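Work through the following exercises with the sequence and the model side by side, and try each task before reading its solution.

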Amino acid sequence: MISSVLARFGKKVETSQDESYYTAGQLALIKARFTRKASGVIAGWVLVSIILMGFFAPFFSPIDPTIRGADAEYRRGAPQAFFFWDEQGASLRPFTYTYTKDKPKINLRALLGSGGLDALDAFTSSGALSASAQNKYNVDRGQRRYVQFFVKGWEYSLIDFSMAGLDLDLRWDRHLFGVEQGDIHLMGTDEDGKDVFSRTLHAVWVTVSIAIVALIVKLFSSLLVGGVSGYFGGRVDAVLMSFTEAVRVIPSIPVYLACAVALSSMDLTAVQRYFAIAVVIGALDFATLGRRLRTHILTERNQDYVLAAQLCGSSGWRIIWRHLIPSFTSYIIVDTLINFPYVILAETSLSFLGLGLTEPVNSLGVLLQKAQDPDIQQNMIWQFFPVLVFVILIMAFVFVGDALRDAADPYSEKK
């Protein structure tokens, strides 16, 4: 009796790890191996956080990122930080202060009245027209402005299906945080008074959504060309592989330039135009994955399960999509995630060169293009915040892709 009670509440016999390892499914093995790599897990959380903040950018943005939300009284304004204590004592609620810009004193009457060179020299040497003088601001530390959560602000579309033909546009006016009086600019403002923090959050989702469209087009093109070429072989394989090799040798930049020139003549918005370029990027980037899928199917098409499917009367398309391609799923997922940063780099590069999106569209490439302005580099260093977000986003994709690449072969020896 006592031994049975002790056995019941004592240390339980653990299931053999070898047994569970060799009986687990493919996705379970990939997940187990991925979670053992700390860098991939941390990068995954960072990546998911950035993408979610970009997807729900209106909710996380305290200010409208368009020209409607521009603060005319705080142009070229410095970042407004949060504080928890000052000379008045500590506070559990974060707070900020009131920031006001110094207005340069330009006395045109003195210049027009005297009309002499002395007045002109005094006017130019006063610094009223210099960029550094326009960035000066005063901080009123006498009154705190406490941060509030779920505040009421500018209205935005929470769910909008009007483009799909449905009369459904749910709008909301609540935001994650704000201040009691006025606006809060965490990362300052640009030369038009638009909030840099809000613009960056909206730019993340625009860039990621364009990359998603390009990768979807690339994925379907690769599966179609590689699957058909590998399964049927013969002349079909020769023709499709010749076409694939021809696409691989075409330089990408001239194609992008030609597409940008051709689409500029069409009556399209900036976002629609670049989404069309994203489709072209994905359509021309299928060659590598298509060739690898073709090699895999050439090997797998002679397996017993393929012969069994043929004897059961399955069509060639059903065998490709239901049997052969799923056996290559792990590599397809890893290849897609690894190529995600390269597609994002393509978007930012084209926008950086002025061939993609342009102002007033919010995109990481557009914001990076603005950061090359010498005036911003010298006097508005806070506009490099989108550059920091871009680097973190790319590095997160790289670490996640590296971890998934190692996890895609669950039976390999641990390094």
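**Exercise 1.** How many helices and how many strands does the chain have?

*Solution.* The model is predicted, so that local features need pLDDT of at least 70 and side-chain atom pairs count only at pLDDT 80 or more, while totals for chains, interfaces and linings use all residues. Residues are numbered from 1 along each chain as its sequence is written, and side-chain values use heavy atoms, with hydrogens and water left out. With helices taken as DSSP runs of H or I of at least four residues and strands as runs of E of at least two, numbered from the N terminus, the chain has 19 helices and 4 strands.

**Exercise 2.** Describe how helix α9 and helix α13 cross, and which residues make the contact.

*Solution.* Begin with the axes, which are lines fitted to C-alpha atoms over the stretch in contact, with angles from 0 to 180 degrees between N-to-C directions: those of α9 (residues 196-232) and α13 (residues 287-300) come within 7 Å and cross at roughly 35°. Next, list the contact (heavy atoms within 4.5 Å): α9 contributes residues including Leu-219, Leu-223 and Tyr-231, and α13 contributes residues including Leu-293, Arg-294 and Ile-297.

**Exercise 3.** Is Ser-198 buried or exposed, and which residues does Ser-198 touch?

*Solution.* Ser-198 lies in helix α9. Ser-198 has a relative accessible area of 0% and is therefore buried, a term that means under 20%, with exposed meaning over 50% and partly exposed in between (1.4 Å probe, protein chains only). Leaving aside residues up to four places away in sequence, Ser-198 touches Ser-61, Pro-62, Ile-63 and Pro-65.
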